[in-house]
Amino acid sequence: MMATCCSKYHSRKITKDGQTFDSLKEYRRFCELSLLEKAGAITGLQRQVPFELIPAQYEPFERYSEKTGKRLKDGKRCIEQSVVYNADFVYTQNGKQVVEDTKGMRTEKYIIKRKLMLWVHGIRIQEV
């Protein structure tokens with residue numbers, strides 16, 4: 001097990017068996033969930049699953065050939081990147097999908113993403 005530098009919330013990334021976790025708490029939860037999966041209590045355990053909350057915003061722009069000067073097919077330019085929530089864990093329990101986040105500190109950014117998950121996807125994040 002290898003620990004690296006601290007974040008501003010004093011959590012340390014940890015690498016175990018070739019996988020990197022954001023904190024020791026997240027690694028320990030992964031171990032618990034892995035045991036539950038082996039016991040058959042949960043299925044389909046996944047880590048760091050992305051959920052798009054707000055799609056990227058684009059604007060069209062005209063393009064012209066540098067060689068001929070003729071108008072080409074319109075392009076599009078990203079003016080705002082998408083907003084994505086990465087769930088620590090996603091699994092199925094009793095036929096229902098569970099989205100879980102291992103929380104130490106509930107930042108303002110996380111709270112907004114939690115609310116958007118409920119609004120956009122109808123998913124309540126289970127906090128551990």
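Reader: Across which strands does helix 1 lie, and at what angle does helix 1 run to strand 4?

Author: This is a predicted model. In it, helix 1 lies across strand 4, strand 7 and strand 8. Its direction is at about 125° to strand 4.

Reader: What makes the span of helix 1 agree with its number of residues?

Author: Helix 1 covers residues 24-39, which is 16 residues.

Reader: Which residues of helix 1 are buried?

Author: Glu26, Tyr27, Arg29, Phe30, Leu33 and Ser34. Seen down the helix axis, these buried residues fall within an arc of 160°, so they line one face of helix 1.

Reader: What do the buried residues of helix 1 pack against, and which residues are exposed on the other side?

Author: The buried residues pack against strand 2 (12-16), strand 3 (19-21), strand 4 (43-54), strand 7 (83-93) and strand 8 (96-101). On the other side, Arg28, Leu35 and Ala39 are exposed. Gly40 follows the helix, with a positive phi near 85°.

Reader: Why is Asp17 called exposed?

Author: Exposed means over 50% relative accessible area. Asp17 has 71%, so Asp17 is exposed. Asp17 sits in the loop between strand 2 and strand 3.

Reader: How many bridges join strand 2 to strand 3?

Author: Three, and the strands run antiparallel. Thr15 has Thr20 in strand 3 as its bridge partner.

Reader: Why is Gln48 called partly exposed?

Author: The relative accessible area of Gln48 is 33%, so Gln48 is partly exposed. Gln48 is in strand 4. Its phi is also positive, near 50°.

Reader: What makes strand 4 and strand 9 edge strands?

Author: The open sheet has four strands in the order 4-7-8-9, with mixed pairing. Strand 4 and strand 9 (126-127) each pair on one side only.

Reader: How many bridges pair strand 7 with strand 8?

Author: Five, in the antiparallel sense. Tyr91 stands opposite Val98 in strand 8.

Reader: Which strands does helix 2 lie across?

Author: Helix 2 (residues 108-121) lies across strand 4, strand 7, strand 8 and strand 9. Helix 2 runs at about 95° to strand 4.

How values were computed
Residues numbered from 1 in each chain as written. Predicted model: local features only at pLDDT ≥ 70, side-chain atom pairs only at ≥ 80, totals over all residues. Heavy atoms only, no water. Helix = DSSP H or I, 4+ residues; strand = E, 2+ residues; numbered from the N terminus. Expected span 1.5 Å × (residues − 1). Buried < 20%, exposed > 50% of the residue type's maximum accessible area, 1.4 Å probe, protein only. Arc of directions from axis to C-beta. Contact = heavy atoms within 4.5 Å. Pairing = 2+ DSSP bridges. Axes fitted to C-alpha atoms, helices over the stretch in contact; angles between N-to-C directions.
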